[in-house]
Amino acid sequence: MLIAGFPAGAWGTNCYLVAPAAGEECVIIDPGHQAAQGVEETLRKHRLKPVAVVLTHGHIDHVASVVPVCGAHDVPAWIHPSDRYMMSDPEKALGRSIGTQLMGELTVGEPDDVHELTDGARLSLAGLELTVSHAPGHTKGSVTFGMPEAADVPPVFFSGDLLFAGSIGRTDLPGGDMAEMLDSLARVCLPLDDSTVVLSGHGPQTTIGRERATNPYLREVAAGQGASPAPRRGM
């Protein structure tokens, strides 16, 4: 298994390229702000051929490079229908105070081919199997992607801005909802095995076991209680 990730743009959003091995087809997860060059460099370095872009949610720091990346390689993008509008209208998704600052430097819109994600779907792409879990809270259309244990790697969980090392995604932007966030943490994260590697939208990788033991939000959810606000990353 090959997973190559790098932080991109002003928000340090993690973009991941996932393939069975070097020299094979791959899936690109969350090519965000200023990610296109990093995507091309990673493709060349590992001799990869992209077959799809999949998106954990629609915020511009996760989707800003979708159009150029999909266009350059003639591949589709996958996104949950509740967040699809964000690709064409990021200002509405972020609130005017944040969105207006970005409009002058971004070319927004959808790629030519867009597919919609559904909860529980299993995507067979590039020789990989990704299980989609709808996980609202950060946005209405937030999803995560799970990959089963393989011969050389433990289970992998691409959490987007649901779960970070030590924290969670913010819920104060349009479409955010703390009650939905806590429900998603309980429903999507808690059932995962402790060995599951968490690759999030921002910050370093972690494991479910580590977060179950130390993340204040996951600890409180596991105890059946609400969590108190704490610093959170992401847009």
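**Salt bridges, sheets and a buried threonine**

Seven salt bridges are counted in the protein, a salt bridge being a side-chain nitrogen of Lys or Arg within 4 Å of a carboxyl oxygen of Asp or Glu. The model is predicted, so local features need pLDDT of at least 70 and side-chain atom pairs count only at pLDDT 80 or more, while totals for chains, interfaces and linings use all residues. Residues are numbered from 1 along each chain as its sequence is written, and side-chain values use heavy atoms, with hydrogens and water left out.

The protein has eight helices and 14 strands; helices (H or I, at least four residues) and strands (E, at least two) are DSSP runs, numbered from the N terminus. Of its 235 residues, 52% count as buried, where buried means under 20% relative accessible area, exposed over 50%, and partly exposed in between (1.4 Å probe, protein chains only). The protein exposes about 9,700 Å², of which carbon and sulfur atoms supply 49%; these areas come from the Shrake-Rupley method with a 1.4 Å probe, and for residues only the protein chains shown count as cover. Among contacts (heavy atoms within 4.5 Å) between residues at least 6 apart in sequence, 63% join residues at least 24 apart.

Back to the charged pairs. Side chains of opposite charge can pair when their charged atoms come close. In the bridge between R212 and D194, N and O lie 2.7 Å apart. R212 belongs to helix α7 (residues 208-214) and D194 to the loop between α6 (178-189) and β13, so this pair ties together parts that are 18 residues apart in sequence. R212 is partly exposed, at 27% relative accessible area, and D194 is also partly exposed, at 41%. D172 and R170 form another salt bridge, at 2.7 Å from N to O; here D172 counts as exposed at 53%, whereas R170 is partly exposed at 22%. For E129 and R122, the closest N and O atoms are 3.9 Å apart. Of these two residues, R122 is exposed with a value of 61%, and E129 is partly exposed with 33%. R84, E110 and E116, in turn, are linked in a network of salt bridges.

Six strands form an open sheet in the order β1-β2-β3-β4-β5-β6, with mixed pairing; two strands pair if DSSP finds at least two bridges between them. Its edge strands, each pairing on one side only, are β1 (2-8) and β6 (114-116). From one strand to the next the twist averages 25 degrees. Within this sheet, β4 runs parallel to β5 (residues 77-79), the two being joined by two bridges, and V53 faces A77 of β5 across the pairing. Helix α1 (residues 36-46) packs on the sheet and touches β1, β2 (13-19), β3 (25-29) and β4, its direction making about 155 degrees with that of β1. Helix α3 (residues 66-73) packs on the sheet too, with β3, β4 and β5 as its partners and an angle of about 145 degrees to β4. For these angles, axes are lines fitted to C-alpha atoms, for helices over the stretch in contact, and values run from 0 to 180 degrees between N-to-C directions.

T56 sits in the loop that connects β4 (49-54) with α2 (60-63). This threonine is buried, with a relative accessible area of 2%. Its neighbours, leaving aside residues up to four places away in sequence, are I29, D30, H62, G141, S142, V143, F145 and G160. The side chains of T56 and H57 are joined by a polar contact of 3.0 Å, that is, a pair of N or O atoms within 3.5 Å; within protein, one must be able to donate a hydrogen and the other to accept it, and residues adjacent in sequence count only if both atoms are side-chain atoms.

With β14 (residues 206-207), β13 pairs in the antiparallel sense over two bridges, which places V198 opposite T206. The hairpin of β13 and β14 has five residues between the strands, and G203 takes a positive phi near 85 degrees there.
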